[in-house]
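Subject: Structure handover

Hi,

Here is the structure I promised you. Please open it next to this email and follow along.

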Amino acid sequence: MNRYLAGDSSYICRVFGTCKFTRGFHAILPKMGVLDNVLTADCDARFMSAALDEARAAAERGEVPVGAVVVINDEIVARAGNRTIADCDPTAHAEVIALREASKRIGNYRLAGAALYVTIEPCAMCAGAMIQARIARLIYGAPDAKGGAVRSCFAVLDHPQLNHRVEVTAGVLAEDAAAALKDFFAARR
């Protein structure tokens with residue numbers, strides 16, 4: 001069977017190189033729709049792994065293990081883990097810290113075209129920050145049944161009166177993200 005159609009995305013990225021190249025390549029070959037889905041899933045998993053690394057580092061510091069990375073043009077421009085305890089700041093969620101760092105790095109508070117990868121479904125505060133930053137895409141791992149503001153408890157990003165829309169992809173490496181939270185809280189009980 002053809003490796004492209006079998007979904008061997010690691011093979012595709014080894015053959016074609018970066019996600020940016022392969023997406024550009026796909027743009028000139030629109031009949032390869034399956035390839036685009038495989039490439040997006042592979043890139044999403046790669047960047048979510050980086051967010052999971054940030055979550056694990058946060059857990060080692062005694063923070064709730066949530067990690068986030070901001071990606072622009074297939075490059076991580078900012079990364080963060082929760083720092084609410086260390087900073088004594090209730091707004092020091094991984095998402096907010098990563099958005100702040102990305103804005104400083106590119107020199108603009110608008111992050112048009114950026115993707116935010118987060119290990120857990122964002123809360124209302126973080127979803128609002130994404131709208132203000134004009135994030136193009138949100139990719140998150142596990143749902144948050146007690147405070148998720150994207151789909152679980154609220155649908156902040158879908159409000160019809162908002163002047164900005166964020167594309168949402170849920171469930172990327174969800175089991176790994178949920179396990180990090182479960183392990184963290186189990187160790188504290």
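Below is what I found, taken topic by topic.

One caution before the details: this is a predicted model.

**Salt bridges**

Side chains of opposite charge can pair when their charged atoms come close. The count here comes to 7 salt bridges.

Start with Glu-54 and Arg-79. They form a salt bridge, and their closest N and O atoms are 3.5 Å apart. Glu-54 sits in helix α4, which covers residues 33–60. Arg-79 sits in strand β2, residues 75–81. The pair therefore ties together parts that are 25 residues apart in sequence. Glu-54 is buried, at 16% relative accessibility. Arg-79 is partly exposed, with a relative accessible area of 37%.

Next, look at Arg-83. Its side chain meets that of Asp-87 in a salt bridge, at 3.1 Å from N to O. The side chain of Arg-83 also meets that of Glu-101 in a salt bridge, at 3.9 Å from N to O. This second pair links distant parts of the chain, 18 residues apart. Arg-83 is in the loop between β2 and α5, while Glu-101 is in helix α5 itself. Arg-83 counts as partly exposed, at 30% relative accessibility. Asp-87 is partly exposed at 37%, and Glu-101 is partly exposed at 33%.

There is also a network of salt bridges. It links Asp-44, Arg-137 and Glu-167.

**Nonpolar cores**

Which residues touch the most other members of the largest nonpolar core? They are Val-70, Leu-99, Leu-116, Ile-135, Leu-138 and Leu-157, out of 33 residues in that core. Several elements give two or more residues to this core: β1 (67–72), β2, α5, β3 (115–120), α6 (124–133), β4 (137–142) and α7 (174–188). Helix α5 gives the most, with 5 residues.

Zoom in on Leu-99. Leaving out residues up to four places away in sequence, Leu-99 touches Val-70, Leu-111, Leu-116, Ala-129, Met-130, Ala-133 and Ile-135. Another core lies apart from the largest one. This other core has 11 residues, among them Cys-43, Met-48, Ala-115 and Val-172.

**Helix α6**

Which residues of α6 are buried? They are Cys-126, Ala-127, Met-130, Ile-131 and Ala-133. These buried residues pack against α5, β3 and β4. Just after α6 comes Arg-134, which takes a positive phi of about 65°.

**Cysteines**

A disulfide is a covalent bond between the sulfur atoms of two cysteines. How many disulfides does the model have? The count comes to 0.

Why is Cys-126 in no disulfide? The nearest cysteine sulfur, that of Cys-123, is 3.7 Å away. Cys-126 is buried, with a relative accessible area of 0%. Cys-88 is exposed, with a relative accessible area of 70%.

**Where to look**

- Glu-54 and Arg-79, the pair that joins α4 and β2.
- Arg-83, for its salt bridges with Asp-87 and with Glu-101.
- Leu-99 and its contacts, including Val-70 and Ile-135.

Best wishes

How values were computed
Residues numbered from 1 in each chain as written. Predicted model: local features only at pLDDT ≥ 70, side-chain atom pairs only at ≥ 80, totals over all residues. Heavy atoms only, no water. Salt bridge = Lys/Arg side-chain N within 4 Å of Asp/Glu carboxyl O. Helix = DSSP H or I, 4+ residues; strand = E, 2+ residues; numbered from the N terminus. Buried < 20%, exposed > 50% of the residue type's maximum accessible area, 1.4 Å probe, protein only. Core = buried A, V, L, I, M, F, W, Y, C linked by side-chain atoms within 4.5 Å. Contact = heavy atoms within 4.5 Å. Disulfide = S-S within 2.5 Å.
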